[in-house]
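My notes follow in the order in which I looked.

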Amino acid sequence: MHKDDNLSEINIEDQKIIDNKELNIWEALIPVVVLMSLLAYNIFFADGEMFGEYSNQIILLIGGFVAFIDGLFNKVTPLIMVQEIWENLKSVFVPIMILFLVGALAGTWLVSGVIPAMVYYGLQVLSPAIFLPASVIICAIISVATGSSWTTSATVGIALVGIGTALGINPGMIAGAVISGAYFGDKMSPLSDTTNLAPAMAGTDLFTHIKYMTITTVPTIIITLIAFAIMSATIDTTGSADISGLLASIKSTFTISPLLFLVPLGVIALILLKTKPLIALGAGVLLAAIFAFVFQMDVLHGLSDSNFTAITNAIFTDTQIVTDNEKLNDLFSAGGMQGMLWTIFLICCAMVFGGIMDAIGALSRITKELLKLATNVFGLFASTVISCLGLNAIASDQYLAIVIPGKMFKQAYEDKGLAPENLSRTLEDSGTVTSVLIPWNTCGAYQSGVLGVGVSEYFLYAIFNWLSPFTTLLFAALNIKIRQLKNK
């Protein structure tokens, strides 16, 4: 693909690592410094509106332009950079389609009464005293079963945010609990793509990897559950005193029936049967539309003179269902596919920046420099963690945050006599779970878009996600369960 003598690439399944011998570390860092500086200014001094509503998207494109100029000065042709941008954009085609379907899902699940039913029954079962730890456990179970944090957030995650908001719980706390549970399951499930990718990169097998991950993951999730239990016991919930009023408002607006749960259960069943996510979510949209005609004719009449138009609007545009309780009005609104456009634009701009950074060899150069810092075992673990965190921010893609360090650090772990599962576990502890903490990463953009809660709002409460890299570093520093190669 590349004809330039200064460039070489390493193919790893569908991923490539491009090296550029002309590029030094300082040149590789220029676009990163520009990007981080502009983002920091936008957050702290411009209230996120430096360039209007799409400030983060524009900043990512500016960073991409700086990287493009950087590449030209280091003998990388425009064609190569455009090709890498295209490859990056192609890689997020399915996630973008999933986002569109999630928008449609939110709209149809609202007008069909699925989300109101979840909120109605959930308010009666999930009291504020147990809500947050229960949310972690529910999402963990669903995510282990499906192997997908994205599916978990798009189904039970949306419902839990609705229930918790009605109870008066901080949406950031709820989203943090949902994400903590969802990423625990995503990380530990043998059905998860990242759980399969990490051992493949490190050179170990899937079940050895999962078993070895429990050493750091179990203590982390226990601490997470304790923290959320304390929060649930101490938070002041303004909505809990008005549950009867909320239930009456929901009941008077929608036809509530346990049969409505057939829709989310059908989607989860399709995922468990290894149906492609696009098909499963599409089936969820179609099934919800049918249930809307069966159960919610009054709601559809209230939205439009035509029932078909009401369903179409729920799929594609904004839908607002007004109740006699103001607390529920914001909750019972959805943006449809249109509501996902901001998130999709953010992902596309991140892929442009990441694609150019990959094309000019900057990702490889930065990772190699971090590898030089690994003078001892702890330094090696720390370099891996920093590399994964950095690539989640720079490449905006959790797969690259696993693939590139996995390839670059594999030999270093062997040279120090460390079993490959040390590397695979560290890749997951720092690459998989922290992707959701970066607003412009595909995972951060997705979760904030689906749950309707900004990354800055849930960051502190996504305890499992930010605690995981600290746990793996603590175990490395104390030399706890650091497995050696048998032939050493």
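**Aromatic pairs**

I began with the rings, and the structure holds 9 aromatic pairs. I kept in mind throughout that this is a predicted model.

F184 sits in helix α8 (residues 171-188) and F464 in helix α24 (residues 463-477), so the pair ties together parts that are 280 residues apart in sequence. Are F184 and F464 buried or exposed? With buried meaning under 20% relative accessible area, F184 counts as buried because its relative accessibility is 17%, and F464 counts as buried at 0%.

I noted one aromatic cluster as well, formed by Y120, Y121 and F261.

**Helix α8**

Since F184 lies in helix α8, I went on to that helix. I compared its length with expectation: at 1.5 Å a residue, the 18 residues of α8 should span 26 Å, and the end C-alpha atoms are 26 Å apart, which agrees. I then looked at its cover and found α8 mostly covered, with 17 of its 18 residues buried. What caps the N-terminal end of α8? I found that N170 does, through a side-chain oxygen that lies 2.7 Å from the backbone nitrogen of G172.

**Enclosed space**

I searched the whole structure for cavities of 30 Å³ or more, and the search finds 1. The volume of the largest cavity is about 30 Å³. Which residues line the largest cavity? I listed A202, K410, Y413, E414, L418, A419, P420 and L423.

I sorted this lining by element, and those giving two or more residues are α20 (398-415) and α21 (420-432). The largest share, 3 residues, comes from α20. I also sorted the lining by residue type, which gave 6 nonpolar residues, no polar ones and 2 charged ones.

Notes: Residues numbered from 1 in each chain as written. Predicted model: local features only at pLDDT ≥ 70, side-chain atom pairs only at ≥ 80, totals over all residues. Heavy atoms only, no water. Phe/Tyr/Trp six-rings, centres within 6.5 Å; stacked < 30°, edge-to-face > 60°. Helix = DSSP H or I, 4+ residues; strand = E, 2+ residues; numbered from the N terminus. Buried < 20%, exposed > 50% of the residue type's maximum accessible area, 1.4 Å probe, protein only. 1 Å grid on protein atoms, 1.4 Å probe; cavity = no way out; pocket = protein on both sides within 12 Å on 5 of 7 lines; lining within 4 Å. Points joined across faces, edges and corners; volume = space filled by probe spheres on them. Nonpolar A, V, L, I, M, F, W, Y, C, P; charged D, E, K, R; others polar. Expected span 1.5 Å × (residues − 1). Polar contact = N/O pair within 3.5 Å; in protein donor to acceptor, adjacent residues only side chain to side chain.
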